[in-house]
Amino acid sequence: MYKNICRLALLLLLLSMAEAKAQQPSDDYVLVFSDEFKGPRGSQPDASKWSCPHRNPSTWARWISPSRAVAFLRGGKLVCRAIPNTTEPGDTARMLTGAVESLGKFSFQYGKVEVRMKTNLKQGNFPAIWMKPSDTKTDDRYGEIDIVETYGYKKASFHTIHTHETYTLKKRKPTEFSKDIDISRWHVYGVEWTPDSIVWTVDGASVGVYRKSSLPEDLRNGQWTFDRPFYLRLNQSLGDGSYPRFTPMTNEEYETRFDWVRVYQKKH
């Protein structure tokens, strides 16, 4: 028993050291945006930094709601939930889901993002931390950086890039990386984004790299659509039933918690 206690203590120490490493970028970086989600229990996220995305037919957004019951602060965390719709009688959505985004309030081009998150291991669960271009009017080429997504009860994190070449032209499949971890425990998910590459990290360790192509044809097709400002999204959504663990249980409640968000950029 003593040996087991010692092993557990060592494991906790190693996890703590890994997280501390993730929270300490090099001296080349300066903090440009953060939210520690401090506020009274049940209060709303800081309106100077976040707003609720609009509902739309896509899987992640089909049940988004501005209800205070699905996105709120509690215990120094942002809580995003998915709950059966029993409180909004005029709303035909089967579930209500919580989400926040920094569109129109904060965006950045290149830098390091880290978010500490934990979520449920439950069938149909589909939370995410991701980034989208803040101005699509001047450039209609698609771009999306999925810092992390998780699916259902699978103990794994997924990290994906979508470009004009993959999403719109469908010339190749999106690049995706994954890591086997217990997503119901706290982990720090991040990306380091430069003019030439995007590196995904979990607890400070790299899990994948996507690089800008040097081939002119690739660039013409939109292989790299990331030289522009992007904004942040944090959301608790539910799957669409396209495979068993992605089928939501509409009589259940889901919850994803975000401890903090930090964005750094290199000093000029």
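Arg 81 is buried, with a relative accessible area of 16%; buried means under 20% relative accessible area, exposed over 50%, and partly exposed in between (1.4 Å probe, protein chains only). This is a predicted model, in which local features need pLDDT of at least 70 and side-chain atom pairs count only at pLDDT 80 or more, while totals for chains, interfaces and linings use all residues. Residues are numbered from 1 along each chain as its sequence is written, and side-chain values use heavy atoms, with hydrogens and water left out.

**Salt bridges**

- The whole structure contains 14 salt bridges, a salt bridge being a side-chain nitrogen of Lys or Arg within 4 Å of a carboxyl oxygen of Asp or Glu.
- Side chains of opposite charge can pair when their charged atoms come close.
- One of the salt bridges joins Arg 81 to Glu 253, at 2.5 Å from N to O.
- Arg 81 belongs to strand 3 (residues 77-84) and Glu 253 to the loop between strand 14 (230-238) and strand 15 (254-266), so this pair ties together parts that are 172 residues apart in sequence. Helices (H or I, at least four residues) and strands (E, at least two) are DSSP runs, numbered from the N terminus.
- Glu 253 counts as partly exposed, at 42% relative accessibility.
- Arg 81 and Glu 253 also belong to a network of salt bridges that links them with Arg 74, Glu 255 and Arg 257.
- Asp 259 and Arg 116 form another salt bridge, with their closest N and O atoms 2.7 Å apart.
- Because Asp 259 lies in strand 15 and Arg 116 in strand 6 (residues 111-119), the pair ties together parts that are 143 residues apart in sequence.
- Asp 259 is buried at 11% relative accessibility, and Arg 116 is buried with a relative accessible area of 14%.
- In the salt bridge between Asp 227 and Lys 212, the closest N and O atoms are 3.7 Å apart.
- Asp 227 sits in the loop between helix 3 (216-220) and strand 14, and Lys 212 in the loop between strand 13 and helix 3, 15 residues apart.
- Asp 227 is partly exposed at 37% relative accessibility, and Lys 212 is partly exposed at 32%.

**Backbone phi**

- Most residues other than glycine have a negative phi.
- Phe 37, not a glycine, has a positive phi of about 60 degrees.
- Phe 37 is in the loop between strand 1 (29-35) and strand 2 (71-74), and it is buried at 1% relative accessibility.
- Asp 203, not a glycine, has a positive phi of about 55 degrees.
- Asp 203 lies in the loop between strand 12 (197-202) and strand 13 (205-211), and it counts as buried at 15% relative accessibility.
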